[in-house]
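Me: Could you walk me through how to read the features of a model like the one below, giving the general idea before each case?

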Amino acid sequence: KIYENSIASTGITEEEALKKGIKAKSVTVIDAYRPEFMPTHEKVMFKVVYNEETRVIIGAQLLSEIDLTQVINAMSVCIQNKVKVEDLAFMDFFFQPHFNKPWSFINLVGLEVLKENS
């Protein structure tokens with residue numbers, strides 16, 4: 001936590017990947033972490049880094065005023081299991097309006113990649 005921001009990271013950053021000679025690409029989404037009809041719905045910035053050739057996730061970073069850093073645990077599992085970035089689009093994450101949205105910001109990353117490639 002730095003001032004009001006909660007920050008978390010796993011794997012490697014896009015910059016680190018490029019320095020290591022990995023053809024890396026990334027997707028960043030900014031979205032409210034839960035439905036806008038809720039009394040509070042702070043924004044979250046979520047970036048996923050993946051190998052452009054294999055599409056396998058190699059890193060993720062998160063920034064938000066609300067503590068959502070536990071999401072990085074899920075991304076660590078994705079990295080360990082060599083999940084492809086587009087697979088995030090349809091992964092089933094727990095939904096309850098007090099905590100998140102039906103299509104979470106994690107899903108939005110995968111949807112963005114699918115949109116780019118359609």
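Reply: Let us begin with burial, where buried means under 20% relative accessible area, exposed over 50%, and partly exposed in between, computed with a 1.4 Å probe on protein chains only. This is a predicted model, in which local features need pLDDT of at least 70 and side-chain atom pairs count only at pLDDT 80 or more, while totals for chains, interfaces and linings use all residues. Residues are numbered from 1 along each chain as its sequence is written, and side-chain values use heavy atoms, with hydrogens and water left out. By the burial cut-offs, F105 is buried, with a relative accessible area of 6%, and F46 is buried as well, at 0%.

Me: Which pattern does the protein chain follow along the sequence?
Reply: Helices (H or I, at least four residues) and strands (E, at least two) are DSSP runs, numbered from the N terminus. The protein chain has three helices and four strands, and read along the sequence these follow the pattern β-α-β-β-β-α-α. Contact means heavy atoms within 4.5 Å; among contacts between residues at least 6 apart in sequence, 57% join residues at least 24 apart.

Me: How many aromatic pairs does a search of the whole structure find?
Reply: A pair of aromatic rings is described by the distance of the centres and the angle of the planes. Rings of Phe, Tyr and Trp (its six-membered ring) pair if their centres lie within 6.5 Å, and planes under 30 degrees apart count as stacked, over 60 as edge-to-face and the rest as tilted. The search of the whole structure finds two such pairs. In one, the rings of F46 and F105 have centres 5.3 Å apart and planes at 70°, so the pair is edge-to-face. Because F46 lies in strand β3 (residues 43-51) and F105 in helix α3, this pair ties together parts that are 59 residues apart in sequence.
The rings of F90 and W103 have centres 6.1 Å apart and planes at 75°, so this pair is also edge-to-face. Both F90 and W103 lie in the loop between α2 and α3, so the pair ties together parts that are 13 residues apart in sequence. F90 counts as exposed, at 61% relative accessibility, whereas W103, at 43%, counts as partly exposed.

Me: Which residues does V83 touch, not counting residues up to four places away in sequence?
Reply: With those sequence neighbours set aside, V83 touches R55, V56, I57, C78 and M91. V83 lies in the loop between α2 and α3 and is buried, with a relative accessible area of 13%. The C-alpha atoms of V83 and I57, which are 26 residues apart along the chain, are separated by 6.0 Å.
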